[in-house]
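I have a new structure open and I'm jotting down what I look up.

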Amino acid sequence: MKKRTLLMSALAIATAAATLSGAAHAQDFPPKKPVTLVVGFAAGGAADAAARLIAKKLGENIGQSVVVDNKGGAGGNIAHQFVANAAADGSVLLLGSVGPLTIAPHLMKLPYDPFKDLAPVSGGVNFPNVLVVHKGAGVKTLAEFVQLSKKKPGSVDFASTGAGSASHLAGELFNQRAGIDMTHVPYKGGAPALQDLLGERVTSYFAAPPTALPHIEAGKLIPLATTGLTRPSYMPNIPTVAEAGYPGFEALNWYAFVAPGKTPAPLLDRWNKEIVKVLNDPGVKDALNKHGLTPQPTTRAELAAFMKKESTQWAAIIKERKLTAD
């Protein structure tokens, strides 16, 4: 009996020591290995621009390089799957996006669960889309656009950057709220969508403001409304969809920081603190705003709640509109 008691005590001590040692190692901050910030899109886009600005300042603040790793493809799902399976030691972060985190799970079977295999860290940046039409559409306001859609059901279409993208779901949400039935025309990216809109091969497009603005200013495209709840500072004269007759309408593009799901909470808390600090930095805020991106720092709990709300909203739209990933 005495031997058994001694053995159990020894095992308990060894287990406790191993746990404390493992916890201490897992909670090293900054991590002793290189830090990687994964982005699900190619270099040159809004996500990449935000990631590089934030990574640079993060690295300066923690005294260690934060390397941006672009893993484009499948609408961002490749990057999200990569991080879901990555080492949960605080050395890997992901600038996740609205599509893979809250839309794609309702459109297709994914090899990861964004709510289990990825852990919320902090909000990142957001920006609204702007609904634009070509000059030949013959409309100048959102009300006229809706009238045209109702007068000729099925003849008005809208471009997007792909099935399940933020621009696609913005159009479907507007279909629902306005009681119209625009036809969705998916493209493989913003450039070909914009090209066909300028060529008047598609009627409208829920476009990213930075890419649409030069064509709006040149008079080649007519802006009807933006999709946030408030007007962005760089488009002060364009009403929101909500202001133009659809109260509460909101469909934002957003990027948020997440980590592998099993990352220890103390590490997630530290990364939250560092990311929020960067997003509140005046120089970083100014640089992001110049790209048309609004910083959105949050607590971990606030991001989790926001993701759940977005997921619920898009799930309902996808079900009602009978959308698929095709």
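**Entry 1: a residue inside.** I picked Leu142 and listed what it touches, leaving out residues up to four places away in sequence: Leu131, Phe174, Leu224, Ala225, Val241, Ala244 and Tyr246. A contact here means heavy atoms within 4.5 Å.

Before going on, I noted the ground rules. This is a predicted model, where local features need pLDDT of at least 70, side-chain atom pairs count only at pLDDT 80 or more, and totals for chains, interfaces and linings use all residues. Residues are numbered from 1 along each chain as its sequence is written, and side-chain values use heavy atoms, with hydrogens and water left out.

**Entry 2: the cores.** Leu142 turns up again in the largest nonpolar core, which has 50 residues. Leu142 is listed there among the residues with the most contacts inside the core, along with Leu118, Phe145, Phe174, Met182, Tyr246 and Trp314. Helix H6 (residues 166-178) supplies the largest share of this core, 6 residues. There is also a second, separate core of 31 residues, and I found Val66, Leu95, Leu288 and Leu293 in it.

My working terms: a nonpolar core is a set of buried Ala, Val, Leu, Ile, Met, Phe, Trp, Tyr and Cys residues joined through side-chain atoms within 4.5 Å. Buried means under 20% relative accessible area, exposed means over 50%, and partly exposed lies in between (1.4 Å probe, protein chains only). Helices (H or I, at least four residues) and strands (E, at least two) are DSSP runs, numbered from the N terminus.

**Entry 3: strands.** I counted up the secondary structure and got 11 helices and 11 strands. Six strands form an open sheet in the order E2-E1-E3-E10-E4-E11, with mixed pairing. Strand E2 (66-70) and strand E11 (294-295) are at the edges with a single partner strand each, so one side of each has no neighbour in the sheet. Two strands pair if DSSP finds at least two bridges between them.

I looked at one pair in that order: E4 (residues 118-128) and E10 (residues 252-260) are antiparallel over 9 bridges. Gly123 sits opposite Ala256 in E10.

Elsewhere, strands E6 (residues 157-160) and E7 (residues 183-186) run parallel, joined by 4 bridges. Phe158 has His184 in E7 as its bridge partner. The chain goes from E6 through H6 to E7, in a right-handed β-α-β crossover. Right-handed means that, with the strands pointing away from the viewer, the path from the first strand over the helix to the second runs clockwise.

Entry 4: Which peptide bond is cis? The one from Phe29 to Pro30, with omega near -5 degrees. Pro30 lies in the loop between helix H1 (2-26) and strand E1 (35-39).

Glu200 has a positive phi, near 60 degrees, though it isn't glycine. I found Glu200 in the loop between helix H7 (190-198) and strand E8 (204-207), partly exposed at 47% relative accessible area. Lys322 is another such residue, with phi near 55 degrees. Lys322 is in the segment after helix H11 (300-321) and is exposed at 73%.

Entry 5: The mean pLDDT (the predictor's confidence in each residue, from 0 to 100) is 89 for the chain, and 91% of the residues reach 70 or more. Over residues 6-26, pLDDT stays under 50, and the model has 3 contacts for them beyond four places in sequence. Where pLDDT is low, the predicted coordinates should not be read in detail.
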